[in-house]
Structure formats: structure tokens, C-alpha cells
Amino acid sequence: MKHKVSLTINGKGREDEVEARLLLVHYLRDVAGLTGTHIGCDTSQCGACTILLDGKAVKSCTLFAVQGDGHDVKTIEGMAASDGTLHPIQQAFWDEHGLQCGYCTPGFIMAAAYLLDRNPDPSDEEIRKGLEGNLCRCTGYVNIVKAVQSAAQTMGRDQARPQPAATGE
Amino acid sequence: MALTTMIGARIHRREDPRLVSGRGRYADDFIRPQTAFMAVVRSPFAHARITSIDAAAAKAAPGVVAVYTAADFEAVVAGAMPVAPAFVAEKKQAPDRYPIAKSEACYQGEPVAVVIAETRYQAADAAALVDVEWEPLPAVMDMEKAMEPGSPAAHEGAAEGNVAWDLTYNADAEAAFAEAEVVVKQRILQQRLAPTPMEGRGVLAEWHATDRTMTMWMSSQNPHFIRLFVGGAMSIPESRFRVISPDVGGGFGSKISPYPEDYLVPGASKLLGRPIKWSETRTENLQNATHGRGQIFDVELAGNRDGTMLGLKLTQYLDCGAYVGTFSAFQACACLLPGPYNWKQVASRTVGVLTNKVPTDPYRGAGRPEATHLVERMVDLFTQEIGADPAEVRNKNFIQPDQFPFTNPFGLIYDSGNYPGTLARALEMAGYADVRREQEAARARGRYLGIGISTWIEICGFGPSAATAPATGGLALTESAHVRVFPTGSVNVYVGTHSHGQGHDTTFPQIVADTLGVPYDMVDLHHGDTAEGPAFGYGTYGSRSLAVGGLAVLKASQRVRDKAKKLAAHLFEAAEEDVVFDQGHFYVKGSPENRKAMAEIAFASYGANLPEGHELGLEAVAYFDPPNFVWPFGAHVCVVEVDPETGSVDMLKYVAVDDCGNVINPMIVEGQLHGGIAQGIAQALFEEVVYDDDGTLKTGTLLDYAMPTANEMPPLSLDSTVTPSPSNELGVKGIGEAGTIAASAAVINAITDALSPLGIKHIDMPASPDRLWKQMHEERAYSAQGATADLGGGGSEQAQPQAGGTATTPVPGGLGEGGTQEGTGGGTPPPGQAGPQQGNNQEGSR
């Protein structure tokens with residue numbers, strides 16, 4: 001028996017009929033064709049499938065597609081601006097060589113987005129703790145931590161920018 | 001001459017924008033019209049006979065298209081899977097491996113049937129309905145028991161003792177041992193590891209019956225090998241067999257050799273006439289992808305009390321698993337045993353043993369981490385025995401910079417090195433003298449601080465063909481490149497190597513841009529598609545891409561430049577020797593103002609009015625066979641504190657000073673070191689593949705297999721020295737495996753040093769908190785009884801008295817005896833309980 005799901009993915013509404021057991025990650029990859037969200041472990045350890053559900057980081061291999069019904073989903077494909085400008089976290093991963101094979105990267109970027117949303121200026125330790133739900137085999141995490149620090153700085157600056165303009169100096 | 005501008009520059013990777021945007025192209029991202037999905041029915045037993053297979057229920061399940069067993073595949077796939085016959089002369093009994101078991105399964109996970117269905121889920125459902133009747137056979141799980149007379153056989157008809165090979169490289173170290181004042185002995189274990197790339201394996205295959213072509217999309221480190229081996233087994237010529245492996249989510253050696261599914265997926269596509277797709281689950285990956293390490297070493301070191309090291313003797317027992325892996329022989333680490341030291345004699349023997357586990361094969365470093373670990377451990381045991389400083393003993397025994405090229409006791413020629421240089425810098429960065437003082441003060445307060453040193457060398461850059469072809473049954477491990485300059489001056493480069501994180505899309509164009517003098521942005525690299533570029537390539541592993549493939553890229557670029565120069569001479573109406581090439585422009589000597597850019601020459605090369613005999617076009621193919629291996633080296637220093645109450649290790653400092661010759665892109669070199677060191681630390685502290693006595697894999701998910709998170713990894717301090725290789729024109733070596741080769745010894749030496757006040761001399765890996773806690777408490781109890789001679793558990797054995805009447809280090813457990821440090825599985829608690837926390841602090845997930 002199929003179930004109707006209606007959800008918003010990267011700002012666009014979408015409706016499908018799915019099996020009750022279809023995992024959200026398979027729905028995103030195989031039905032919606034958004035292959036940027038990866039599968040790395042099947043048991044919710046690696047975080048490669050991390051997406052934002054109503055702004056919170058979740059592992060999409062741990063949810064059914066039907067649980068996404070009525071919710072707002074953001075995947076890695078929705079992070080860059082519509083003109084293609086990379087999100088500051090994406091840019092920071094590039095600038096700091098925060099990826100090698102790139103397979104875990106979308107999950108790390110989504111987890112980092114949620115981390116910085118809750119804690120805009122995390123310490124090294126807070127970043128490591130905040131990303132411990134994601135596994136990387138290539139980087140030893142050194143440049144991932146740097147990338148998140150660098151993104152935090154950029155995003156902090158971007159937020160601060162309008163204020164001096166308002167003073168009229 | 002062109003000035004170097006791009007080589008050595010810290011250029012950001014051009015593959016990254018697509019990878020950070022979710023636009024990568026990994027194996028599971030591909031699909032073809034009419035694709036059906038495959039699930040594999042696998043043996044639940046480590047060793048069992050297949051009595052019958054009843055597929056009726058599976059065939060009747062919703063969406064099922066077909067169920068195939070070994071008999072079905074006989075029509076489309078022939079012959080055994082390949083094994084590089086490095087030890088062919090000594091090979092006693094290595095059973096042939098077929099993609100699918102016919103009558104006997106020899107490891108848990110071996111394929112026995114496949115189910116093809118319309119969806120992934122339907123295939124998985126129906127696979128559970130295939131009714132296989134099994135007759136379980138005794139599982140051979142312990143290497144040492146496997147070698148005993150009367151042991152059950154890992155295969156029906158296997159030779160007595162399950163020995164796959166028994167080979168002595170150098171028999172004799174007796175002279176060195178006879179003159180030694182001190183002999184130290186140790187059994188050193190290398191636990192089995194799972195390479196665990198974040199992307200598992202996956203294959204999509206499409207057979208076109210009308211034009212008789214096969215196309216495969218897959219996750220591979222060397223698509224040309226797959227085409228060679230699978231095409232051969234299916235009698236499809238290479239001209240009609242295309243393997244595409246675009247973005248690959250890590251390999252670490254586990255995506256070199258062909259796997260059963262690499263035959264079964266295209267085989268099923270040919271049988272069914274539809275595209276077939278199979279994507280590995282993580283449990284399938286941990287169970288079926290080749291493992292690494294899995295070895296026992298019995299080692300003896302002979303030296304004098306003044307710190308001179310004289311001789312080394314070693315026997316390696318290598319757990320091959322159920323079959324000898326395609327490149328299993330590359331794990332025999334004899335050739336690297338001498339390390340950076342000047343020995344009188346080194347003797348080495350390697351024994352390959354069959355067990356009922358998944359085969360072992362290269363995992364990052366393959367033989368070289370093992371060699372470095374055991375030599376560096378032995379140096380510390382020797383140092384501890386004579387009461388010397390480990391840094392001083394290393395310095396005393398190093399091959400000196402003026403001794404290169406240096407021929408080691410196995411006849412291998414080290415190209416260049418400055419071993420004291422990297423060690424001095426590493427000690428300086430670590431603040432060695434200060435840390436030693438802190439250690440002393442800490443000990444006085446009952447704290448256990450330790451400093452570990454690992455001075456490593458590496459043999460890499462495989463070929464040369466003269467060495468590799470005999471070892472691999474003809475695979476020369478040369479490398480290829482094709483450089484094409486288009487009429488308006490942009491450039492495409494095709495290579496036979498494969499990039500799966502190494503950044504070749506960036507580094508190889510750096511070489512081309514310099515050589516041709518064209519803008520870097522005009523050069524694009526292509527790899528991972530056998531339909532493009534040179535006819536053959538050998539792929540990426542063994543830190544070979546730059547030192548072999550990079551040189552092919554350089555040679556092909558030089559051929560293009562030489563061709564362009566000839567044409568420039570014609571256009572200038574000058575003699576070729578009068579034409580100057582400078583930063584992408586040609587001019588006649590003395591007239592630099594009248595010059596032509598490479599793009600102008602390129603356009604002319606496709607045009608009219610060329611001189612008679614001039615070959616049209618501007619492109620070239622080059623193959624490169626290196627004259628020697630290359631030999632990177634370095635020194636790593638690790639500082640730890642061990643908590644005696646919990647056995648947990650706090651890594652306070654990790655310093656690495658490495659030398660890989662000239663560097664194309666330092667950012668990428670550092671990244672390779674970060675990841676390599678992390679994998680070495682992971683082996684030292686966390687990871688271990690564990691089977692139970694019946695052959696069931698206990699570490700079959702990432703809940704149980706303890707891969708470290710960011711929380712467990714220390715910050716790293718890196719520096720480098722530059723000692724170019726004289727063996728190639730770029731002066732480059734390799735760096736892909738260096739970190740892994742160096743790190744485990746640095747960490748374990750640090751922990752052992754920390755615990756030396758308790759009488760602990762050796763610790764096996766992983767040094768998990770439970771293992772350390774147990775060992776510390778055993779040693780303490782033992783010391784409390786006033787006994788000091790027999791530390792370390794297991795039976796001790798006195799070495800033969802030496803001239804000079806020396807003390808010897810007790811050996812825990814001889815071969816075949818019991819002992820707490822023996823065996824890679826039995827006595828070791830499973831990791832995971834005390835390993836890293838696989839945390840999950842994200843809301844909404846569970």
C-alpha cells in the first residue's frame with residue numbers, strides 16, 4: 001500500500017506516493033533524484049546522509065519518507081544561492097581543503113550548518129564534539145575543524161556587516 | 001626555459017566545487033533505463049558445504065526477475081579470479097577463487113546466489129527467501145592452530161597446515177647475532193583492520209546484446225584492471241568493454257582487486273539483457289571487502305651496549321583469509337625491514353596461512369606500516385634494554401645523508417634521504433628535552449607521560465617493471481598519459497591513474513601548465529573511464545600516482561612541447577636549435593619581441609601549409625617505466641598521558657616531519673598526511689576486526705568497528721624537509737601512505753614509554769583502555785610479588801647465551817604456546833565497548 005507524502009525540498013513543494021517502509025534517504029536519492037545526500041553505514045553512525053529537517057540536522061537513513069510528510073527538507077543541493085554562489089560553509093570546506101574523496105562532505109556541511117546555527121562561534125572542542133555524529137576516513141578531521149572555524153568567522157562577519165552601514169560612518 | 005610557476009603552489013582543488021555542492025558522481029548515483037537491482041545471498045557460515053539451493057519461494061516473490069547460482073553464471077563468466085603470483089615458486093596450496101561458490105563456502109559472506117528484482121527493496125526481500133541447505137564444516141579461525149598438524153582444512157583438499165606459502169628472503173643473520181652483546185625478542189601482533197572507505201562498493205553494468213558491448217559504472221581505484229580481468233573472464237574484448245569510475249568515495253587499497261560482484265553484476269546483465277545495479281551495504285563492506293594487516297611477527301634484534309644495532313631476524317605469519325587476495329603478496333613486508341638503519345644482516349621469512357575469513361589484501365601502506373611498526377618497536381625494546389635514549393640510538397644507527405644511493409640487505413637501492421635531518425626537526429618541534437623533564441616530574445607525581453618516536457621510510461612508486469612484473473605475473477605497473485592541445489590552445493589530459501581524494505584534477509594540470517607554458521585554467525584532467533585516453537593504465541595505490549603517473553604526464557607534455565617547437569621553427573623559417581621556448585611562447589634567439597604563443601602553434605598544427613613530413617595535430621601519448629622505486633621518509637613524535645585508573649590515552653602532542661622530495665602542491669601533501677596519520681592512530685588505539693571462534697564477524701557495523709570521530713583525533717603539527725629523488729625528472733616521491741606507515745609505532749612507543757615504570761615493555765594494538773587497564777594491573781600485581789623477570793604474560797624464553805654474557809628480553813609466548821598476547825581475536829576484548837564514542841548528538845536522529 002502506498003502513502004501520499006507532501007513536503008518541501010530545497011524550497012520547492014513535492015508530492016509522491018511511497019511505500020511506508022521507504023527510507024527518507026532513498027526517497028531523496030531515488031525518487032527526488034537528489035544524489036548529493038549519501039549513504040555510508042545504514043546504522044546512523046556515519047552521518048553521510050545528514051540533511052536539515054525543519055532546520056534541524058537529521059540522519060535521513062533513520063527516517064521514513066512518510067515521516068517527512070508536511071515538513072521542510074534542505075539537502076546539500078539547496079545550500080548554495082540560486083545564482084550558484086556557494087554557502088560560506090561550502091566555500092570554507094573548499095578553501096581549507098576540508099575534503100578529499102568528498103563522500104562524507106555533504107553530511108558534514110549539513111551538520112556544520114546546524115552546529116553554527118546553534119553556536120555561531122564554537123571552540124575547537126565544541127566543533128569536534130558537535131560533529132561527532134559524522135565520520136570521515138580521509139582528512140583526520142584536521143581541515144574539517146578548520147573549515148568550520150573559518151565558516152563561523154565568515155558568517156559572523158556577514159551578519160555584522162549591515163550594522164556599520166546603518167551608523168552612516 | 002619556462003620558469004616554474006605552478007609546481008609547488010598551494011592551489012585549491014578544482015574538483016571541490018562539485019563535491020561540496022552534492023554534484024559528485026559516485027557509483028550509486030548512476031542509473032540506466034530498465035535497470036533491475038541485485039541482492040546477494042551470502043554464506044552465514046565461515047565454512048560449510050552447500051547441499052542444495054531452493055529458489056522457488058524467492059522466484060515467486062513480488063518484483064523478482066531472476067535468481068542465479070553458480071551454474072547459471074558458467075555460461076557468461078569463466079575461470080578463477082586473479083592472484084598475483086609473487087610467491088609462485090613457493091606457493092604450496094592456494095585454492096582458486098571463483099566469483100560465486102559452487103559447493104563449498106569458505107568465509108562468512110561468500111556469495112552463493114543472486115536475486116534480481118525490479119527494486120532494491122524487493123531484491124533484498126527475496127534474497128531472504130532463497131533456501132540454502134548447508135552442512136557446516138569446522139571453521140579454521142586461528143592462524144597458529146591452522147598450521148598445526150591435524151588442523152581441519154580451511155578448504156576441502158587444502159594442504160596440511162593450511163600453508164599458502166613459506167618463503168625465506170634472507171636466511172642468514174647469524175654472524176650479526178654471534179657478535180652481539182644484547183639480543184631482544186618480541187612477538188608483535190598486527191590486528192586485522194577494515195579499510196572502511198566512506199563509500200562502499202557498487203556496480204552498475206549494462207550489456208548491449210546488439211553491438212556486444214559492456215559498460216560498467218563502479219567504485220574502483222583502477223578501472224583498467226577491472227576491464228582486463230572481468231573482460232577476460234567474460235570473453236569480451238577490451239575494445240568493447242568500458243569501465244567508468246568517476247568519483248570514488250575513498251579506497252585505501254580495498255578497491256584495487258576485482259571482487260565477486262564485479263563479475264556477477266555484468267554476468268547477470270548479460271544473462272538477463274537488462275542493466276543491473278548492486279550497491280553494497282556497510283555490513284557487506286565490513287564482511288566482504290578485503291581486510292588489511294592480520295599478521296603475527298616473531299622478531300629478534302641483536303646489538304651492542306653502546307647502542308649499535310647489528311642484526312634483525314623475523315618470521316611473519318600472514319593471515320591470508322580464505323583465498324590468497326589478488327595483491328596479498330604485497331603485504332609481505334620483508335623488503336622494508338631494514339628501515340632507515342645500517343644493519344650488518346637482516347633475515348626474513350614469510351608464511352601465508354589460509355583461514356576461514358575474508359581475504360586480506362593491501363590496506364593503506366600494505367606491508368610498510370607493519371614493517372615500520374615492528375622495527376620501531378624493536379628499536380625501543382633494545383633501547384630500553386641497554387638504558388639508552390631512543391633518539392640517540394636512532395641517530396647512531398641511521399644511514400647517513402652521504403651514503404646514498406644506499407643498497408639495503410635485500411638489494412634494494414634507497415634513492416636519497418636525510419634521516420637525521422627530519423628527526424632533529426621533529427624533536428625540536430616536540431620540545432623533546434622539555435618533555436623528557438616534564439615526564440620525570442610527572443612520574444614523581446604518579447602520572448604516566450610517554451614520548452614515542454617513529455622514524456620511517458617507505459618504498460613506493462611501483463613499478464619499476466623489472467621488479468613488479470615478475471612479482472605480479474606480468475603487470476608492469478608502468479603508467480600512461482595522453483595530452484591533447486586543441487586548436488585554440490586549451491588542453492585535455494587523460495591518465496591511467498585514478499584520483500579518489502588525492503587531488504590529481506589539480507596537481508597534474510599544475511605539471512602540464514608549467515611544461516607547456518599555458519594558463520593553468522586552460523588544462524583539464526580526465527581519469528576513470530577506460531574509453532578515454534591511453535589504451536592502458538594501472539590505477540592508483542602504493543603512493544605511485546605522482547612518481548609514475550606524474551612522470552608520464554610530464555613526458556607527454558614534453559613531447560607536445562617538442563612537436564610545437566618544430567612547427568614554430570618552420571613558421572619562423574628558423575633552425576629548430578635557434579628557437580627559444582619561454583613561458584608558453586616561442587621566438588627566435590635574439591628576437592623575443594616577435595613571438596608566438598602555444599595556442600597559435602596549436603592552431604597552425606591543425607592547418608594547411610605544413611612542411612612535408614610534419615605530423616599534423618598537437619597531441620602526444622607517453623608511458624613511463626620508472627628506473628627505481630622512490631623512498632620517502634620522515635620522523636614522527638607523539639606525546640601521550642595514560643590514565644592508570646581507566647587505561648585511557650590522552651594524546652598531548654603529535655609532530656610529523658616528512659620528506660617526499662619535491663612537492664607539487666603542499667596543501668594536498670598535508671591533507672594526505674593528516675588522513676594517513678589518523679588511520680595509523682586509529683590502528684594503534686581503536687580499530688580491530690573481530691571474528692568469534694565459529695567465524696561470525698562481530699564487527700559487522702560501524703557501531704562495532706571503532707572508526708574514530710573528530711573527538712578522538714588530536715591536532716597535528718606538521719613540517720617537512722625536501723630531499724629530491726634523483727630517480728625522476730620532477731624529483732618527486734610519494735606521500736599517500738606515509739602517515740599510516742609512521743603513526744602506529746609513534747603512538748605505541750609513546751604508550752609503552754609512559755608505562756615503562758610499571759615494567760611494561762610491549763603493548764599490542766589496539767591499545768584500547770580495557771587492554772591497557774588489564775595489562776597495567778597484571779604488571780602491577782606481578783611487580784608486587786617481587787618478580788621482575790617474566791613480565792608481559794605468556795611463557796618466557798631465554799635467548800641463547802651470547803658471547804659477552806648479556807641479558808635478554810623475555811619473549812611473551814612462543815609460537816604455538818598459550819599467552820595473553822597471542823592471537824588476533826581470541827584473547828582480545830572486542831573494540832567498541834571501550835573505543836571511541838560513536839556519538840550522535842543530532843536532534844531527530846536516533
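Guide: Contact here means heavy atoms within 4.5 Å, and helices (H or I, at least four residues) and strands (E, at least two) are DSSP runs numbered from the N terminus. Keep in mind that this is a predicted model, where local features need pLDDT of at least 70, side-chain atom pairs count only at pLDDT 80 or more, and totals for chains, interfaces and linings use all residues. As for bookkeeping, residues are numbered from 1 along each chain as its sequence is written, chains are lettered from A and ligands numbered from 1 in the order in which they are written, and side-chain values use heavy atoms, with hydrogens and water left out.

Let's start with helix α5 of chain A, residues 142–160. Its 19 residues reach 28 Å from first C-alpha to last, close to the 27 Å expected at 1.5 Å a residue; that expected span is 1.5 Å times one less than the number of residues. Buried means under 20% relative accessible area, exposed over 50%, and partly exposed in between, with a 1.4 Å probe and protein chains only. The buried residues of α5(A) are Val142(A), Asn143(A), Ile144(A), Val145(A), Ala147(A), Val148(A), Ser150(A), Ala151(A) and Ala152(A). Their cover includes α2 (88–95), α3 and α4 (124–130) of chain A, along with α18 (666–685) of chain B.

A nonpolar core is a set of buried Ala, Val, Leu, Ile, Met, Phe, Trp, Tyr and Cys residues joined through side-chain atoms within 4.5 Å.

Now follow α3(A), one of the covering helices. Strand β3 (residues 50–53) of chain A pairs with β4(A) in the antiparallel sense over four bridges; two strands pair if DSSP finds at least two bridges between them. Within that pairing, Ile51(A) has Val58(A) of β4(A) as its bridge partner. Helix α3 (residues 105–118) packs on the sheet, touching β3, β4 and β5 of chain A, and its direction makes about 40 degrees with that of β3(A). Axes are lines fitted to C-alpha atoms, for helices over the stretch in contact, and angles run from 0 to 180 degrees between N-to-C directions.

These strands sit in an open, mixed sheet of five, ordered β2-β1-β5-β3-β4 (chain A). Its edge strands, each pairing on one side only, are β2 (12–19) and β4 (56–59) of chain A. Neighbouring strands of this sheet are turned by 40 degrees against each other on average, direction ignored. Helix α1 (residues 24–31) of chain A lies across β1 (2–9), β2, β3 and β5 (72–74) of chain A, at about 110 degrees to β2(A).

Over in chain B, the largest nonpolar core has 95 residues, and Met38(B), Ile116(B), Phe225(B) and Leu337(B) have the most contacts inside it. Helix α10(B) gives the most to this core, with eight residues. Leu374(B) has its place in α10 (residues 368–386) of chain B and is buried, because its relative accessible area is 0%. Leaving aside neighbours within four places in sequence, Leu374(B) is in contact with Ile188(B), Phe297(B), Val299(B), Leu314(B) and Leu337(B).
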